[in-house]
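Subject: Handover of a structure and its findings

Dear colleague,

Please find below the structure that I am passing on to you.

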Amino acid sequence: MPAKETSPNSFVVTIEKSLVEVDGSHSKLFPDKQKATSPRQFTWVLLLKAYRALTFLSWLSMGFRAVFVSVKKRIALSEMSEDEEEEPKIKGKLYRLLRAFLAISMVALVIEVVAHFRKWNLNLIHPWEVQGLVQWSYMAWLSFRVDYVAPFVMMLSKFCIVLFMIQSVDRLVQCVGCFWIKCKKLKPVIEGSEACEVDEDCSNFPMVLVQIPMCNEREVYKQSISAACQLDWPKNRFLVQVLDDSDDEDLQHLTRNEVLSWMQKGVNIIYRHRFIRTGYKAGNLKSAMACDYVKDCEFVAIFDADFQPNPDFLKQTVPYFKGNPELGLVQARWSFVNKDENLLTRLQNINLCFHFEVEQQVNGMFLNFFGFNGTAGVWRIKALEESGGWLERTTVEDMDIAVRAHLNGWKFIFLNDVRVLCELPESYEAYKKQQHRWHSGPMQLFRLCLPAILTSKVSMWKKANLIFLFFLLRKLILPFYSFTLFCIILPLTMFIPEAELPLWVVCYVPVFMSFLNILPTPKSFPFLIPYLLFENTMSVTKFNAMVSGLFQLGSAYEWVVTKKTGRASESDLLALTERESMNTNQEKIQRRLSESGLEMLTKLKEQEVPSSKKRNRLYRKELALAFLLLIAAARSLLSAHGLHFYFLLFQGLSFLVVGLDLIGEQMS
């Protein structure tokens with residue numbers, strides 16, 4: 001292939017008797033062939049685009065069909081479940097208010113769409129140019145909105161924004177406190193000896209009472225009793241109380257059998273059953289503390305039925321009481337065996353990890369006070385007695401006794417390194433009922449405790465902390481502004497543009513606060529946006545519970561035991577394997593209850609087949625808010641609001657998912 005130089009920037013190449021001149025600075029080979037496109041290629045491109053469009057439309061139609069079928073199924077199952085329940089079909093005032101708000105917003109959206117396409121504008125149309133009743137009504141609404149509605153909405157939104165910023169500052173201060181604890185490696189210190197040393201008579205081990213309150217806990221009663229009986233503590237220095245409030249006679253026999261099996265192995269364990277379940281958990285604990293043998297105990301450890309303490313739990317907690325007579329409570333942290341089960345449990349894990357890692361640890365380290373979590377804690381019995389014992393006046397007996405003990409001068413310690421395994425609710429129904437109780441009870445307690453707080457002898461700082469931070473800011477203001485600002489005012493401002501919320505309120509600050517919440521669980525960062533949306537969705541339940549507790553409505557006194565699935569940890573399964581090899585329930589009953597063995601065996605066989613299935617329900621408040629937010633998103637689309645539209649769209653979809661009871665579905 002010969003080549004010869006012609007100029008500094010070009011050369012000639014001979015290829016099969018044809019010459020092509022290539023310029024060094026602008027080299028282009030066959031430019032005409034690159035630009036040319038045959039009709040056949042153009043036709044294939046059009047066919048490919050048409051195929052993609054048809055595929056997208058097909059996928060979209062199938063998605064809408066699947067959603068429609070799911071909604072239809074949810075409605076049918078919801079109606080069946082409502083027929084089976086004995087609860088009165090009384091629609092709450094909040095739901096009726098949301099439904100009226102939804103109807104008004106739908107009418108307003110239709111009018112706004114008409115006004116948008118017909119280009120009605122108050123500044124461009126003179127009164128004599130108005131034509132028709134609809135246009136006149138719209139112009140009258142614009143004048144009324146500017147003069148009366150917008151100022152009120154703006155005032156309410158500013159008030160909620162102030163509350164939002166105060167709560168955000170409080171959360172930021174708590175995170176700074178947690179960061180300080182991590183940097184300085186601050187931890188509670190055991191005064192005196194670091195651990196209990198075993199002697200011949202075990203006299204240096206205090207007597208500990210271990211209580212397991214339960215009610216119809218068929219799935220978890222075995223593992224909780226097993227974990228309590230295997231605590232690494234001298235057997236003659238601790239006593240296990242199984243406080244069974246179950247109304248299922250078969251379950252009572254099974255629980256009693258389990259207690260008898262451990263009693264035969266030398267464990268000091270007692271089974272107690274109340275025929276009348278007054279006072280729920282508080283009444284159960286109060287009745288158990290009235291026993292004569294409790295006087296011989298110095299401390300009491302409390303575990304709910306789904307909690308599985310490690311064998312060294314007492315050795316990690318009880319020594320903190322030694323040499324510290326003012327210490328009334330040692331609280332351990334919760335750890336969850338099913339935190340990765342589905343999206344709902346993942347989001348709960350974020351919330352509770354922040355609660356323990358930041359809130360409980362910071363308050364325990366700097367204030368020596370926090371709300372008792374009701375389980376996985378050790379109380380000094382003297383502190384319980386001097387504070388009035390367990391009271392049945394609210395559904396948050398744990399917070400009640402903690403506040404009264406704090407007012408009596410007792411101090412609390414939180415151990416972030418001591419963890420107790422437990423379960424998270426895996427269905428939205430169970431989680432919603434739990435959250436309703438957790439947010440209505442504090443408001444009941446606030447009404448009852450306020451006079452005692454004001455007249456107590458504690459310092460003004462402790463009184464201010466209890467009233468303004470512990471109760472008002474974290475229990476009342478938080479659910480109030482979350483629901484009012486993001487579920488009511490934000491969609492309302494789409495129809496009242498004069499009161500539009502700034503972007504930093506809608507997006508930047510909430511995302512930053514959610515980022516702070518996820519810091520204790522770094523692996524949950526992919527769930528940042530779902531967590532933010534889900535927290536706003538749960539604000540409906542929390543707001544409703546807060547109002548019912550504050551004004552003593554009927555639902556404030558409901559106590560529903562959180563459903564468990566009985567998921568055990570690997571260590572628990574190994575312990576059970578070592579304890580019992582392949583013994584079946586039938587063999588246990590035939591050995592211990594020979595007279596009634598055949599009858600119990602038949603009942604057990606019937607119970608082996610699960611009779612109850614998960615019933616999906618419809619949650620009307622969430623569905624009403626879902627459609628309200630989606631309508632507001634459609635209105636914001638007309639005004640090209642940008643981030644407001646995306647926030648309303650995804651928030652409405654999250655309400656829709658929760659309202660259709662799809663949040664707790666199992667993940668593969």
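The notes below cover the annotated segments, the core, the salt bridges and a surface patch.

Please bear in mind that this is a predicted model.

I begin with the record. An unreviewed UniProt entry carries the annotation "transmembrane region" for residues 50-71, 97-117, 148-166, 466-495 and 622-638. In the model, residues 97-117 are 100% helix and 0% strand, with their end C-alpha atoms 30 Å apart. Residues 148-166 are likewise 100% helix and 0% strand, and there the end C-alpha atoms lie 28 Å apart.

At least three residues of the core come from each of domain 1 (92-187 + 454-557) and domain 2 (208-426).

D170 is buried at a relative accessible area of 12%, and R474 is buried at 18%.

A further salt bridge links E357 and K182, whose closest N and O atoms are 2.7 Å apart. E357 lies in helix 9 (residues 343-366) and K182 in helix 4, so parts 175 residues apart in sequence are tied together. E357 is buried, with a relative accessible area of 10%, whereas K182 is partly exposed at 43%. K182 and E357 also belong, with R333, to a network of salt bridges.

Lastly, the surface carries a nonpolar patch formed by L503, W504, Y508, L643, Y646, F650 and L653, which together have about 670 Å² of accessible area. Helix 14 (503-518) and helix 20 (643-659) each provide at least two of its residues, and helix 20 gives the largest share, with four. W504, which lies in helix 14, is partly exposed, with a relative accessible area of 37%. As general background, nonpolar side chains in soluble globular proteins tend to be buried together.

With kind regards

Note on methods:
Residues are numbered from 1 along each chain as its sequence is written. This is a predicted model: local features need pLDDT of at least 70, side-chain atom pairs count only at pLDDT 80 or more; totals for chains, interfaces and linings use all residues. Side-chain values use heavy atoms; hydrogens and water are left out. Patches are made of residues with over 30% relative accessible area and no salt bridge: like charges are joined within 9 Å, nonpolar side chains (Val, Leu, Ile, Met, Phe, Trp, Tyr) within 5 Å. Accessible areas come from the Shrake-Rupley method with a 1.4 Å probe; for residues, only the protein chains shown count as cover. A salt bridge is a side-chain nitrogen of Lys or Arg within 4 Å of a carboxyl oxygen of Asp or Glu. Buried means under 20% relative accessible area, exposed over 50%, partly exposed in between (1.4 Å probe, protein chains only). UniProt positions are given in the numbering used here, feature names are shortened, and annotations may be inferred rather than shown by experiment. Domain bounds come from an automatic or database domain assignment.
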